[in-house]
Amino acid sequence: MYLKEGCSLLLKKMHKPSIPFVLSTNPILDFRPQNDKGAIFIQESEVLKRLKNENDITVALDYFKSISNSCSFKHTPSTYGTMIEKLGHNSEMDSVQYLLQQMKLEGVNCSEDLFISIIKSYSQCGASEQALKTFYRIREFGCVPTVKMYNHLLDALLSENRFSMINPIYGNMKKDGLEPNVYTYNILLKALCKNNSLSGARKLLEEMSNKGCEPDCVSYTTIVSFLCKYGEVEEARDLVSKFAPSVAVYNALINGYCGEGKIKKAFDLMDEMNERRIAPNVITYTTILNFLASSGNIELSLAILAKMFVRGCNPNTHTFTSLIKGLSLKGRLIEAHGVFVQMSRDGIFPNEITYNTLIHGFCLAGDMNGALSVLDKMEANRCNPNVTTYSTLIDGFAKSRDLIGASEIWNKMVSFNCRPNVVAYTCMIDALCGNSLFEEAYNLIETMVSEKCPPNTVTFNVFIKGLCLKGRVEWAVELFDEMERHGCGPDVTTYNELLDGLYKSKNNRLAFELVCEMEKRGVKFNLVTYNTIIHGLCSCGELNEAHKLVGRMIIKGIKIDAFTLNTLIHAYCKYGKIECATRLLESMREKRLCPDIVAYTSLICGISEQIDLEAANFYLERMISDGILPNISFWNFLVRNFVSKIGIFGAVDRMNGVLASLSDAEVQKNLGP
């Protein structure tokens, strides 16, 4: 086993120690300035300056305590506020609460700005509920709620998706006699959109208008983005026509059209922006470039980049990252790396996503040395790799069946205190399964549970696939039954992997039971499911059942692919049903499903073995006329078959004829139509 012992699989949780806050009457440090007569005095401005300029929170706190317990200075609302803000910025919320209590005891009132700072600090710590509890005590500190405070509190709750708390707080705001402003409504709009309440968002827009609070750019951008996200792009377009949209609104709408693949409408919107004299910004161009690059249209992506330069719109990191992604997906890694180098030369620094995108491209191409070189550059440029970086590399090594490489990346990840997530664990399990280390893979699942990172359906799918590929189908079935214990439900991929394993191990009875279970659970069959079952049925001679299943596919609207037809043609030929195979081949041609080398090979082999060479030769010539050239396996079969049927001299004559046909086909191809 190549994984490091202990820390490689068991990451300790790290808790930031809280600063003890006790106002001592015997301060250790003497920060007090003195005059010549021995009288002690400190100006408020000096205290504020010392607190603001001190970067070390512990030293700042020592200074604050030392003058607190002296007669030289009495803390003011400003000094309390500065210290509380400093503690909040460092997430020392217990100390913040202590100081608030001290302010209360000393009769020092808390200002609106300070209370907002406390709410922000709690939000930064992910403790919006604690912010709410503190807010309920606001009057104890000589402060009354304001619209601005409510807005920050609502925003803090929204950041943690505490939707159930937002409406009651909004109700309390109205009870306090405070009228919501546009910022309040925008927060509520975001909450409704995040909570998938389209009708609620529409009603809130109406309420804004009825109360004389006109929606602003943020309001419209929020609602347009939400509509586009949920496929209501045309409704969003109608809404945009009713007001003067900003560039942000147009960007949201363009993103919606790109999400639906309607690039022409996205370009039309850019034209409309130009007509209205609204200049597209870097987000506009990058959104379109990203869609084009992701869909493989690199040339048009480069044209968009050129247009940006012409219009004086400088591309940013996201622009270049989108282009790198598109080039990488097309396997154009030299160009992708060229873009990466050029952006750095132009002073546009790559971020984690840029590096991860390029690493992913090299991994897809199986070039792990290239991926590691990018990792080295990432570290050299002080851009810290994250869990996505490591997961991508582990996955690349897993696909290359390089367990040592995967293990080294895993160990590097944990040595840098980067906690693996479910994706990283799943990739490592794939690497272990690829090397038949199933016990170690299972132990890693148990580690996931103990580390509070439970496996998901994809984790089990990878494990089940690995077991089935190595013939360990019984264990795969046991693992399938174990999924529910881990709170995972099987999806169609789970069933497909297990079905494939069961059919290949000739366990047709259990495969049939699994198909019945899928239907009972309402799991929708996809193309892979049908092809797996058809292949399994054909393998055991159940051709009629396979044929019925093809009919069911057609009724369900699932398009038959080459694998489906090749499987059936091979089975028909194997079981002597040559006529059915030839009819199916002709049907493929009629429906413009061009037969490939696999279909022709199966048919020609079946005809030559069960009928005669002349009949086989007809399909051989048709194959060549269709522009499909024989591969090595086909040539080997052809030569052996000719020799066995007509002898070596006859085989030579026949092969000369085949080669002549090939030459004619090549000439015709070069001449064109």
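Reader: Quick one to start: is Asn461 buried or exposed?
Author: Asn461 is buried, since its relative accessible area is 7%. The cut-offs here are under 20% relative accessible area for buried, over 50% for exposed, and partly exposed in between, with a 1.4 Å probe and protein chains only.

Reader: And what kind of model is this?
Author: This is a predicted model, in which local features need pLDDT of at least 70 and side-chain atom pairs count only at pLDDT 80 or more, while totals for chains, interfaces and linings use all residues. Residues are numbered from 1 along each chain as its sequence is written, and side-chain values use heavy atoms, with hydrogens and water left out.

Reader: Back to Asn461. Which helix is it in, and what is it in contact with?
Author: Asn461 belongs to helix H25, residues 457-469. Helices are DSSP runs (H or I, at least four residues), as are strands (E, at least two), and they're numbered from the N terminus. Setting aside neighbours within four places in sequence, Asn461 contacts Asp491, Thr493, Thr494 and Glu497, where contact means heavy atoms within 4.5 Å.

Reader: Zooming out, how many helices and strands does the protein have?
Author: There are 35 helices and 0 strands. The protein is more spread out than a compact globule, because its radius of gyration is 35 Å, well over the 26 Å that the globule rule gives for 673 residues. That radius is taken over C-alpha atoms, and the rule is 2.2 Å times the number of residues to the power 0.38.

Reader: What does the C-alpha trace span?
Author: About 125 × 65 × 55 Å along the principal axes.

Reader: And what share of the residues counts as buried?
Author: 48% of the 673 residues. As for contacts between residues at least 6 apart in sequence, 61% join residues at least 24 apart. The accessible surface is about 34600 Å², and 53% of that belongs to carbon and sulfur atoms. Those areas come from the Shrake-Rupley method with a 1.4 Å probe; for residues, only the protein chains shown count as cover.

Reader: Switching to aromatics. How many pairs are there?
Author: The count is 12 aromatic pairs. Rings of Phe, Tyr and Trp (its six-membered ring) pair if their centres lie within 6.5 Å; planes under 30 degrees apart are stacked, over 60 edge-to-face, and the rest tilted. Take Phe64 and Tyr80: their ring centres are 5.7 Å apart and the planes sit at 65 degrees, so this pair is edge-to-face. Phe64 is in helix H2 (residues 57-68) and Tyr80 in helix H3 (residues 77-89), so the pair ties together parts 16 residues apart in sequence.

Reader: Are those two buried or exposed?
Author: Phe64 is buried at 1% relative accessibility, and Tyr80 is buried at 1% too. Another pair is Phe115 with Phe141, which is tilted, at 6.3 Å centre to centre with 45 degrees between the planes. Phe115 lies in helix H5 (residues 112-124) and Phe141 in the loop between helix H6 (128-136) and helix H7 (147-159), so parts 26 residues apart in sequence are tied together. Phe115 is buried at 0%, as is Phe141 at 3%.

Reader: Which residues form a cluster of aromatics?
Author: Phe438, Phe463 and Trp475 form one.

Reader: OK, salt bridges. How many?
Author: A search of the whole structure turns up 28, with a salt bridge being a side-chain nitrogen of Lys or Arg within 4 Å of a carboxyl oxygen of Asp or Glu. One of them joins Glu235 and Arg202 at 2.8 Å, N to O. Glu235 is in helix H12 (residues 233-240) and Arg202 in helix H10 (residues 198-210), so this bridge ties together parts 33 residues apart in sequence.
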